[in-house]
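Please view the sequence and the model together while reading the points below.

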Amino acid sequence: MTQAPVDTDILILGGGLAGLTLALQLRDREPDLRVTVLERRAHPVREAAHKVGESTVEIGAHYFADVLGLREHLETEQVRKYGLRYFFTDREYDVQDCSEMGVSRLLPTPSWQLDRGRFENFLGDRARERGVDFRDGAVVRTLDLSESDDLHTIGFDHGGESHTLRARWVVDASGRAGLIKRKLGLAQANDHDANAVWWRIDGQSDLDGWSDDPGWRTRFAPAERWKSTNHMCGPGYWFWLIPLASGSHSLGIVCDAKMHPLETMNTFEKAMDWLRRHQPRVAEALDKPEYALQDFLFLRHFSYGCKQVYSKHRWALTGEAGLFLDPFYSPGSDFIAISNTYVCELIRKDRAGEPIGQYADIYQQLYFSFYENTLSLYQDQYPIFGHPQVMPVKVLWDYAYYWSLLAPLFFSRRQADLSMLTRLKPAFAEGRALNLAMQRLMRDWGTRDAAPDLKQARAYDQYQVEWCREMNGGLTDALDDDAYYARTQRSVAGMRQLAAEVLALARESFPDIDDRGLDALLASHDTGQHPAMLPEHWFARELAA
């Protein structure tokens, strides 16, 4: 039997952030590929679109700027951000009296705040320029996935007519609609029970003007606080403020479902009442008639996993169609970048005539391990989010973990280098063990100190921490395999040193605290042979206690 001709090589279901960037990455890698994108919404979409995922960090920002070559758009049409910034201000109006963590100057590797509507309009135009068959206003009706070498068949409505497309590959980038996930029953819950509400307003609030105190205005100068992804933190929750290039401000509450029920904030009026209780200075800054409400949405149990994301039968899931973690450290674009790159690798191997079954399994195992290890940064950690001493330690640790292992792997384009990954397996295993123990230790420490003094007005400036600047700047270094391996070993040694110092600091407060296995993990580490990692002046009072 003669096989029917293929209508398209790659059919991507969903023309949002994940789908359009995948289309561009595929066309950049293999310009002769026929790539079709079906997107339910009509384009162009409005700016300040009703979507989360506006903040990028290093992996996602590098993916957009350098892997896809979109730096000019990011520099000219989006907001260059002053990193992630944290305020420990629960129920406190006088923000200048509370502690803050962020950067006073930009770290070397850039990131941006994304106006999702503006960015996705740009991506759609760019995709069409690059020869992608991008059909907006298209609604998928049927999905017939082949389990052999036959083509997949998709039925959809577009332009008032019904159509059918046959494709060798189908990639689901449809977000929470999860077309393939629903069809094949791949949904998988996780134990991170958190909810979110978010909205956008016309106009932007300048955080530097929230107090007339000279110390407030200068303690992180010359940074412009409003350009940060700002986190107002308290026990069991955090509130975000993200500026968008279109002139809007994105706002949202993310909370532990057990500590802050969704029913207390699931309307705009309730959310503002909630802010008046928990973040009174924020509520006052936002409660102005000129800040017109643009939209409001909430999600229950927003974090989830997936049973399978890559198949030997030439289908895949990417972005939120597969899994979703938590927005606290803005990892959404990171995981789009990682997943899209694995999808591209599978398609490249298939095009070269290689059997892809084993690679689909290996890449999926790696992707799931990145997801599970990153999930540990959030799961069961919300109770300590408002602690003004423990959270700066946790943030430093979480950055060190990210900059030591996952981020360098992506920046160096080694995430699918199985030879190097095999060589690095002991380092990643040690990093994982250290991280799990550290997350438990920090949770114990923070929950035992249930009523910390919020009025300490400490400025935790990460830019002043030399190793933070060096690790962040080193992400873009071009290293050969041996140099990359050696740096990873040094980075894990730095993690050991930091873990030892944090354990000692926790024991200053609670001598009987459970070491959570860290003593055994650190048994062979000589702290005297490694430079100090914790900025001692940050915690001088605790160290002297």
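**Helix packing**

Helix α12 (residues 418-448) packs against helix α14 (residues 481-509) at an angle of about 15°, and their axes are 10 Å apart. Because of that angle, α12 is roughly parallel to α14. The model is predicted, and the points below are grouped by topic.

- Two packed helices are described by the angle between their axes and the distance between the axes.
- The crossing in which α12 passes α14 is left-handed.
- Sorted by class, the contact of α12 with α14 has 16 nonpolar, four polar and five charged residues.
- Helix α12 also packs with α11, at an angle of about 165° and with the axes 11 Å apart.
- That angle is over 145 degrees, and α11 is therefore roughly antiparallel to α12.
- The crossing of α11 and α12 is left-handed.
- By class, the contact of α11 with α12 has 14 nonpolar, four polar and three charged residues.

**Helix α1**

- Helix α1 covers residues 17-29, and its 13 residues should span 18 Å at 1.5 Å a residue.
- The end C-alpha atoms of α1 are 18 Å apart, which agrees with that expectation.
- Helix α1 is mostly covered, since 11 of its 13 residues are buried.

**Aromatic pairs**

- The structure holds 25 aromatic pairs.
- One of them joins Y329 and Y378, with 6.0 Å from centre to centre and 45° between the planes, and this pair is tilted.
- Y329 lies in the loop between β18 (315-317) and α9 (332-351), while Y378 lies in the loop between α10 (357-375) and α11 (390-411), so the pair ties together parts that are 49 residues apart in sequence.
- Y329 counts as buried because its relative accessibility is 8%, under the 20% cut-off.
- Y378 counts as buried as well, at 1% relative accessibility.

**Backbone features**

- Most residues other than glycine have a negative phi, and most peptide bonds are trans.
- H43 and P44 are joined by a cis peptide bond, with omega about 0°.
- P44 is placed in the loop between β2 (35-39) and α2 (58-67).
- The peptide bond from A221 to P222 is also cis, with omega near 10°.
- P222 is located in the loop between α6 (214-218) and β13 (229-234).
- R314 is not a glycine, yet has a positive phi of about 70°.
- R314 sits in the loop between β17 (304-306) and β18, and is buried with a relative accessible area of 3%.
- R516, likewise not a glycine, has a positive phi of about 55°.
- R516 lies in the loop between α14 and α15 (518-521), and is partly exposed with a relative accessible area of 34%.

- R490 belongs to helix α14.
- R490 counts as exposed because its relative accessibility is 54%, over the 50% cut-off.
- The C-alpha atoms of R490 and D326 are separated by 29 Å, and these residues are 164 residues apart along the chain.

Notes. Residues numbered from 1 in each chain as written. Predicted model: local features only at pLDDT ≥ 70, side-chain atom pairs only at ≥ 80, totals over all residues. Heavy atoms only, no water. Axes fitted to C-alpha atoms, helices over the stretch in contact; angles between N-to-C directions. Helix = DSSP H or I, 4+ residues; strand = E, 2+ residues; numbered from the N terminus. Parallel < 35°, antiparallel > 145°, perpendicular 65-115°, else oblique. Left-handed = near helix turned anticlockwise from the far one by under 90°. Nonpolar A, V, L, I, M, F, W, Y, C, P; charged D, E, K, R; others polar. Expected span 1.5 Å × (residues − 1). Buried < 20%, exposed > 50% of the residue type's maximum accessible area, 1.4 Å probe, protein only. Phe/Tyr/Trp six-rings, centres within 6.5 Å; stacked < 30°, edge-to-face > 60°.
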